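Thank you all for coming. I would like to walk you through one structure this morning, so please keep the sequence and the model in view while I talk.

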Amino acid sequence: MTQLPSSSQAQGFSPGSTPQRRGRTAIVATLILSFLAAGFIRYGAMEYRAKTAPAGETEPSASGSGSRLSEMPSFATALLLGGLRGPLVMMLWTSSESQKADKDLEDFDTKVEWIRLLQPEFDSVHIFQIWNKAYNISVQMASLANKYSAILDALDYAHRIGRQRPNNINITVAIADIYFNKFGMSTEKDYYTRRIRQDTQWRIQSGPRPGEIGWRRTRLDPMLDSSGNILPEYADDLQYIKRYEPFPYGLGPFDLAYNFYRRAQILQSEGGQRHLQLSDQVLDSRPALTLKSWSESELENGRKLELELFKKPIPSERNDMEAPTASIPTTTTLSDSPVVDHAIYDYRRSNQIAIDSIEAYRRHLRDYGESVNFSTFSSHLDHMQIIKNLSLGDADYLTALRSSPADRAPLLASARTAYQQAISAAEIVELKYFVDDGLLAAIHVKKTDVLNMNPAQIHQTMSAVRDGYARHLGGQINEEDRQEYEAYITRAATRLAELH
């Protein structure tokens, strides 16, 4: 019987030589050639750049646009040219997230930077990495100084993307969010606010600069000149707060947050851009909300300075700062001092920002009134009426105490009017939003009636409400909120007693 040849013999293959093995050999050879070719191409590109670059310039300008893949190591560039960009990105994502979970940050920043270079066109990637650095990485730092440095690194990352993609609404909001939420609203806000105000003031910088050996971001660069005005190189970047110049005590977190939220709002309303994660109405509300926080922070700092001025302990709770200095008599004479100047500045700045916040809320309610939470934003608007009048009264009161007797009368008269309006505004807020409907019914008042009351009627109604709460008619509903507004009322009423 004739023996049939095996399939490999029939096709001319010798034992041990299979199609799979020959295929693998071809792939390995292709990869090796790709690596070699990538090395030659990179070497040639570097030689060409060295020959054609202007004298003294070896790297592209930091302000240039586009991602600089030439910054990546040779093996990474080879992988890209070999068509392995996707696997490299996946490897970097997995590795960096594992390091973060293990709190091993030795080369974390390098991997994040590679991801940025490999995925420059994806805003979602950049939003995540900015948030990742500002929150997940900073929280792993032990000291406040190191936390601050880690958050500044997130800002540097955001600004690098911003230079590559100018006027990008997603990156602009990410920068604003860091200043507002991380610096302005966190439990460490007092430390961050102090650092930012110090850093943004004029100073001569020394030591290594960004990109130089030994450089590490520990401070913001100065943004103001010696007069407190915005430096020319920041004029375009900080265009929306230039109208508030000068800033003699530096820029605060909310000042900067407002600038970038306002820019994002303009990019949405006039540029037609849409944020990846925020709705139009939410983004549009951000400037008004930030102005509210900015005004309140200036008022709080004025309180602390006033407490310092009159040698009173500074309470830990914000509401407890209202009463201690309220009864300072009008016969007090203050000499000129940096503390007095600073307190008066903060009160007047609070008043100015409160006025702008009221206008911003009115515009937002006009444009989005049908879709927003109308009650919430209306309460914010009414709240700012209190801050506007209270801060004006405090500014005039302190200014009068350091003025000559002849100049005191108009200042004290202005303070009296402001305190009276602050009391009415605070009582309106309580009646509209924080007094139990059942208690109002018990004293024969409807919330809709409040809108048509004059100040005397409002005060009479609030007296009945307080009597009702004293007799336990309204329970404990909204008690904490009412305590805040009662503190404002008590301060203003105490000052009015001094003014009569």
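Predicted model: local features only at pLDDT ≥ 70, side-chain atom pairs only at ≥ 80, totals over all residues.

Let me begin with Asn-478, which is partly exposed, having a relative accessible area of 29%; here buried means under 20% relative accessible area, exposed means over 50%, and partly exposed is what falls in between, using a 1.4 Å probe and protein chains only. Asn-478 sits in the loop between helix H17 (455-470) and H18, and its phi is near 60°, a positive value in a residue other than glycine.

Residues are numbered from 1 along each chain as its sequence is written, and side-chain values use heavy atoms, with hydrogens and water left out.

As for the chain overall, its secondary structure comes to 18 helices and zero strands, where helices (H or I, at least four residues) and strands (E, at least two) are DSSP runs numbered from the N terminus. Of the 500 residues in the chain, 45% are buried. Taking contacts in the chain with a separation of 6 or more, residues 24 or more positions apart account for 68% of them, and contact here means heavy atoms within 4.5 Å.

A second residue with positive phi is His-444, where the angle is near 65° and the residue is again other than glycine. His-444 lies in the loop between helix H15 (437-442) and helix H16 (447-450), and it counts as exposed, because its relative accessibility is 73%. In the loop between H9 and H10 we find Pro-246, and a cis peptide bond, with omega about -5°, joins Glu-245 to Pro-246.

Ser-335 is in the loop between H11 and H12 and is exposed, with a relative accessible area of 58%. Although Ser-335 and Arg-402 are 67 residues apart along the chain, their C-alpha atoms are separated by 5.8 Å.

Is Ser-378 buried or exposed? Ser-378, which belongs to helix H13 (residues 374-401), counts as buried because its relative accessibility is 13%.

Now to helix packing. Helix H7 (residues 144-164) and helix H9 (residues 189-200) pack at an angle of about 65°, and their axes are 11 Å apart; axes are lines fitted to C-alpha atoms, for helices over the stretch in contact, and angles run from 0 to 180 degrees between N-to-C directions. Leu-144, Ala-145, Lys-147, Tyr-148 and Ile-151 of H7 make this contact with Tyr-191, Tyr-192, Arg-195, Ile-196 and Asp-199 of H9. These residues divide into seven nonpolar, no polar and three charged, where Ala, Val, Leu, Ile, Met, Phe, Trp, Tyr, Cys and Pro count as nonpolar, Asp, Glu, Lys and Arg as charged, and the others, Gly among them, as polar.

On a 1 Å grid over the protein atoms alone, a cavity is a set of points where a 1.4 Å probe fits but cannot get out, a pocket is an open set with protein on both sides within 12 Å along at least five of seven lines, and lining residues have an atom within 4 Å of a point. Grid points are joined across faces, edges and corners, and a volume is the space filled by probe spheres set on the points.

How many cavities of 30 Å³ or more does the structure hold? There is one, and the largest cavity is lined by Arg-197, Phe-247, Tyr-249, Gly-250, Asp-255, Glu-298, Tyr-345 and Arg-349.

The second largest pocket has a volume of about 1,200 Å³, and of the 42 residues that line this pocket, Lys-189, Asp-190, Ser-297, Glu-300 and Lys-304 are the closest to its centre. H11 gives the most to this lining, with 12 residues, and by class the lining has 11 nonpolar, 14 polar and 17 charged residues.
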